[in-house]
Amino acid sequence: MSNPQSNQSHATSAQWTAVWALLLAAFVTLLDVTVVNLAVPSIAADLRATSVQSQWILLAYLVPLAALLLPLGRFGDALGRRRLFLLGVAGFSLGGLVAGTAQSIAVLIAARVLQGVGAATMMPQVLALRSAYCPTNASGKSQRTAYFV
């Protein structure tokens with residue numbers, strides 16, 4: 001016979017694990033902008049990029065992210081938030097892998113576009129799923145903690 005209290009604490013632990021995974025994904029998508037911004041001078045030197053191409057290294061990520069954030073949030077409502085979140089993680093990761101191994105500026109910029117689309121697919125799902133997975137209690141302390149983080 002199972003103990004209902006242990007099942008409740010296990011579910012809460014699983015929910016918090018999901019919330020932390022979502023918050024980590026959101027953090028990584030924002031960290032990517034900062035890291036690449038700092039690395040652009042050495043990337044441009046290694047790939048012999050012009051100043052315009054160097055700007056596109058950043059813009060190729062930020063433009064799709066900004067342009068697709070709202071439509072992909074709506075697609076998450078219609079097609080399933082978890083499915084789109086996982087698709088976004090896959091796109092972001094694949095884009096990062098290709099960008100990290102790029103031998104030309106054109107491949108790097110294309111990979112950054114893929115990363116931007118992946119990030120735009122992930123970000124709206126993070127907030128919606130965080131609300132769904134966050135454990136709730138009578139005082140709302142768990143909700144406040146997750147929002148604070």
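A salt bridge is a side-chain nitrogen of Lys or Arg within 4 Å of a carboxyl oxygen of Asp or Glu. By this criterion, a search of the whole structure, which is a predicted model, finds 2 salt bridges.

**Figure 1. The chain is built with 5 helices and 0 strands.** Followed along the sequence, the pattern reads α-α-α-α-α. Of the 149 residues in the chain, 36% are buried. Among contacts in the chain with a separation of 6 or more, 74% are accounted for by residues 24 or more positions apart. The chain exposes about 9,000 Å², and carbon and sulfur atoms supply 68% of this area.

**Figure 2. A salt bridge joins the side chains of D32 and R112.** The distance from N to O is 2.5 Å. D32 belongs to helix α1 and R112 to helix α4, so the pair ties together parts that lie 80 residues apart in sequence. D32 and R112 are both buried; the term buried denotes a relative accessible area under 20%.

**Figure 3. The side chains of R81 and D77 form a salt bridge.** Here the distance from N to O is 2.9 Å. Are these residues buried, exposed or partly exposed? The class in between buried and exposed begins where buried ends, at 20%, and exposed means over 50%. R81 has a relative accessibility of 35% and therefore counts as partly exposed. D77 has a relative accessible area of 43%, so D77 is partly exposed.

**Figure 4. The largest pocket holds about 180 Å³ of space.** This pocket is lined by 13 residues, and the closest to its centre are I43, L47, A99, G100 and L108. Which elements give two or more residues to the lining of the largest pocket? They are α1 (4-47), α3 (81-101) and α4 (105-133).

**Figure 5. The lining of the largest pocket is shown by origin and by residue type.** Helix α1 supplies the largest share of the lining, with 5 residues. By type, the lining of the largest pocket divides into 7 nonpolar, 3 polar and 3 charged residues.

Notes: Residues are numbered from 1 along each chain as its sequence is written. This is a predicted model: local features need pLDDT of at least 70, side-chain atom pairs count only at pLDDT 80 or more; totals for chains, interfaces and linings use all residues. Side-chain values use heavy atoms; hydrogens and water are left out. On a 1 Å grid over the protein atoms alone, a cavity is a set of points where a 1.4 Å probe fits but cannot get out, and a pocket is an open set with protein on both sides within 12 Å along at least five of seven lines; lining residues have an atom within 4 Å of a point. Grid points are joined across faces, edges and corners, and a volume is the space filled by probe spheres set on the points. Helices (H or I, at least four residues) and strands (E, at least two) are DSSP runs, numbered from the N terminus. Ala, Val, Leu, Ile, Met, Phe, Trp, Tyr, Cys and Pro count as nonpolar, Asp, Glu, Lys and Arg as charged, and the others, Gly among them, as polar. Buried means under 20% relative accessible area, exposed over 50%, partly exposed in between (1.4 Å probe, protein chains only). Contact means heavy atoms within 4.5 Å. Accessible areas come from the Shrake-Rupley method with a 1.4 Å probe; for residues, only the protein chains shown count as cover.
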